[in-house]
Structures are given as structure tokens and as C-alpha cells.
Amino acid sequence: MALLFFLYLFAIDFPFYEFLEPQSVGWRLWTNYANDLIFAFAFYFFLCLGERWLKTWQVRAGLAFAILTLLEFAQLLYPAPFIEALIMSPLRPLFGNFNPFDISAQFIGIGLAALIERWIFAKMFKYRQL
């Protein structure tokens, strides 16, 4: 849980404007896709906490992708100004305008998390791989 919390703080409070030139390619990639990638990565590991019910990495990855994709498509129906009026301020970075490329960033984040779980954590903690 601490890893998820620190990833959230990193994504929200990282001073990218100190390292990236305004309106450069890196700036646009960070502002548009970094949060999607980081939150998808963290969400996959959040689902790993339910390993008793979600037995395989394929189920966890599929569920994470399905939920995040549904949230992305929900932005078509409920754009950011409407949602911002309804929710607390810490959750505002999760909502915005629909962007189909966000789905690919989420897919990459979930894929990276699954690879790290399967290749690194499985060897570090020597647990059974399904």
C-alpha cells in the first residue's frame, strides 16, 4: 500500500516543469500520459492485494484494464467540469477529457506492472508463478 501511496504522490507533486521545457515533446507527454501510465501501474498492484480472489496475473491485468477503460469512456458522458463539481479535489487528476491514447498509456502501465510482478517480484520472493 505504501508503494501505491508514493506513486500517487509522485504523479501529483512531481515538479516536471523544472526539468522539461514548456510545450516540448517531453512536457506534452508528461502532462497528457504520465498520470495514466503511473495510475494504471499502481492500480494493477492494488489488485494484487486481492490475490486470493484474483488468482492469475491475466485476471488481474484484464480487470485493471477493463475498469480503467470504462473510466476513460465515462469521460465521454461526464466531462471534467461536471465531475469536478461532484468530487473532492484529491481525485480531480483522475478525470479530464476523453482521449483514446490514454487507453494505450494505461495498457502500457498495466503491462509493465505485470512484467515486473512476473519477472522481478516472482524471483525476489520466490512465490509460485501461475
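This is a predicted model: local features need pLDDT of at least 70, side-chain atom pairs count only at pLDDT 80 or more; totals for chains, interfaces and linings use all residues.
Select F41 to begin; this residue is located in helix 2, where helices (H or I, at least four residues) and strands (E, at least two) are DSSP runs numbered from the N terminus. At 17% relative accessibility, F41 counts as buried; buried means under 20% relative accessible area, exposed over 50%, and partly exposed in between, with a 1.4 Å probe and protein chains only.

Residues are numbered from 1 along each chain as its sequence is written, and side-chain values use heavy atoms, with hydrogens and water left out.

Next, display the whole chain as a cartoon. The protein contains 5 helices and 0 strands, in the order α-α-α-α-α along the sequence. Of its 130 residues, 32% are buried. Among contacts (heavy atoms within 4.5 Å) between residues at least 6 apart in sequence, 64% join residues at least 24 apart.

Return to helix 2 and show helix 3 beside it. These two helices pack at an angle of about 130 degrees, and their axes are 9 Å apart. Here the axes are lines fitted to C-alpha atoms, for helices over the stretch in contact, and angles run from 0 to 180 degrees between N-to-C directions. Helix 2 is therefore oblique to helix 3, given that angles under 35 degrees count as roughly parallel, over 145 as roughly antiparallel, 65 to 115 as roughly perpendicular and the rest as oblique.

Which residues meet between helix 2 and helix 3? Select A40, F43, Y44 and L47 in helix 2, then W57, R60, A61, L63, A64, I67 and L68 in helix 3. By class, the residues of this contact comprise 10 nonpolar, no polar and 1 charged. In this scheme Ala, Val, Leu, Ile, Met, Phe, Trp, Tyr, Cys and Pro count as nonpolar, Asp, Glu, Lys and Arg as charged, and the others, Gly among them, as polar.

Now turn to the largest nonpolar core, which has 14 residues; Y44, F45 and I110 touch the most other members. A nonpolar core is a set of buried Ala, Val, Leu, Ile, Met, Phe, Trp, Tyr and Cys residues joined through side-chain atoms within 4.5 Å. Helix 2 (25-47), helix 3 (57-77) and helix 5 (100-125) each supply at least two residues of this core, and the largest share, 6 residues, comes from helix 2. Apart from this core lies another, of 5 residues, including W27, W30, A34 and I38.

Move on to A74, in helix 3. A74 is partly exposed, with a relative accessible area of 28%. Its C-alpha atom and that of F98, 24 residues away along the chain, are separated by 8.1 Å.

Finish at Q23, in the loop between helix 1 (2-13) and helix 2. Q23 is not a glycine, yet has a positive phi of about 65 degrees. Is Q23 buried or exposed? Q23 is exposed, with a relative accessible area of 54%.
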